[in-house]
Amino acid sequence: MADAPAPPPGVPEGWVPQSHRDTFSGHAGPFYFRSGVENPPGVGFLSEPRHANAIGMVHGGALLTLADMSLWDICRRASGPFNAVTLTLTSEFIAPGPVGRFIYATGAAVKIGKSIMFARGEVRCGEDILLTFSGSLKRIS
């Protein structure tokens, strides 16, 4: 993404903006992906006041969107490009997400099958775990 704008302050080096900016996730983010296939999976966003709930913490829906996008990134790095839909997404909220910080998700593939892929991961802010998740994707043609 040589033509992509530099990430704003607060987004770590080595994270590039998502390419599909006109989709739901583009409006919910912007989201950034950890670059390079040698790096572990990673999707993140710089939390802003618009990501907050009524008590000033990051809304759970924003964290779940991040987990869902990470599920895709984990499986894509394990299997290569594909078309799929989310089949399941299970999560446990562990801690609140602060506004104004970079929040990211990472994880590992559990099984990459011919039609269904499984993965699990964590959403973090720094070293703090905010949410754990597991889920599956169904390949489509």
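1. Let's start with H2, which has 20 residues and reaches 29 Å from its first C-alpha to its last, close to the 28 Å expected at 1.5 Å a residue. Keep in mind that this is a predicted model. Just after the helix, Gly80 takes a positive phi of about 90 degrees.

2. Which residues of H2 are buried? They are Ala62, Leu63, Thr65, Leu66, Ala67, Met69, Ser70, Leu71, Asp73, Ile74 and Cys75.

3. Thr65 is worth a look. It lies in helix H2, which covers residues 60-79. Thr65 counts as buried because its relative accessibility is 16%, and the cut-off for buried is under 20%. Leaving aside residues up to four places away in sequence, Thr65 touches Phe24, Ala28 and Phe31.

4. Phe31 turns up again in the largest nonpolar core, which has 25 residues. Along with Phe45, Leu63, Leu66, Ile103, Val123 and Phe133, Phe31 is one of those touching the most other members. The elements giving two or more residues to this core are H2 and strands S3 (43-46), S5 (102-112), S6 (116-125) and S7 (128-139). H2 gives the most, with eight residues. Another core lies apart from this one; it has six residues, among them Val11, Tyr32, Leu46 and Phe102.

5. On to charges: the structure holds four salt bridges. In general, an α-helix has 3.6 residues a turn, so residues three or four places apart point the same way.

6. How exposed are the two partners? Asp73 counts as buried, at 0% relative accessibility, whereas Arg76 is partly exposed, with 27%. Asp73 and Arg76 also belong to a network of salt bridges that includes Arg77.

7. Two further salt bridges to check in the viewer: Glu48 with Arg50, closest N and O atoms 2.9 Å apart, and Glu122 with Arg124, at 2.8 Å. Glu48 is partly exposed at 28% relative accessibility, and Arg50 is also partly exposed, at 49%. In the other pair, Glu122 is partly exposed at 25%, but Arg124 counts as buried at 17%.

Conventions. Residues are numbered from 1 along each chain as its sequence is written. This is a predicted model: local features need pLDDT of at least 70, side-chain atom pairs count only at pLDDT 80 or more; totals for chains, interfaces and linings use all residues. Side-chain values use heavy atoms; hydrogens and water are left out. Helices (H or I, at least four residues) and strands (E, at least two) are DSSP runs, numbered from the N terminus. Buried means under 20% relative accessible area, exposed over 50%, partly exposed in between (1.4 Å probe, protein chains only). Contact means heavy atoms within 4.5 Å. A nonpolar core is a set of buried Ala, Val, Leu, Ile, Met, Phe, Trp, Tyr and Cys residues joined through side-chain atoms within 4.5 Å. The expected span of a helix is 1.5 Å times one less than its number of residues. A salt bridge is a side-chain nitrogen of Lys or Arg within 4 Å of a carboxyl oxygen of Asp or Glu.
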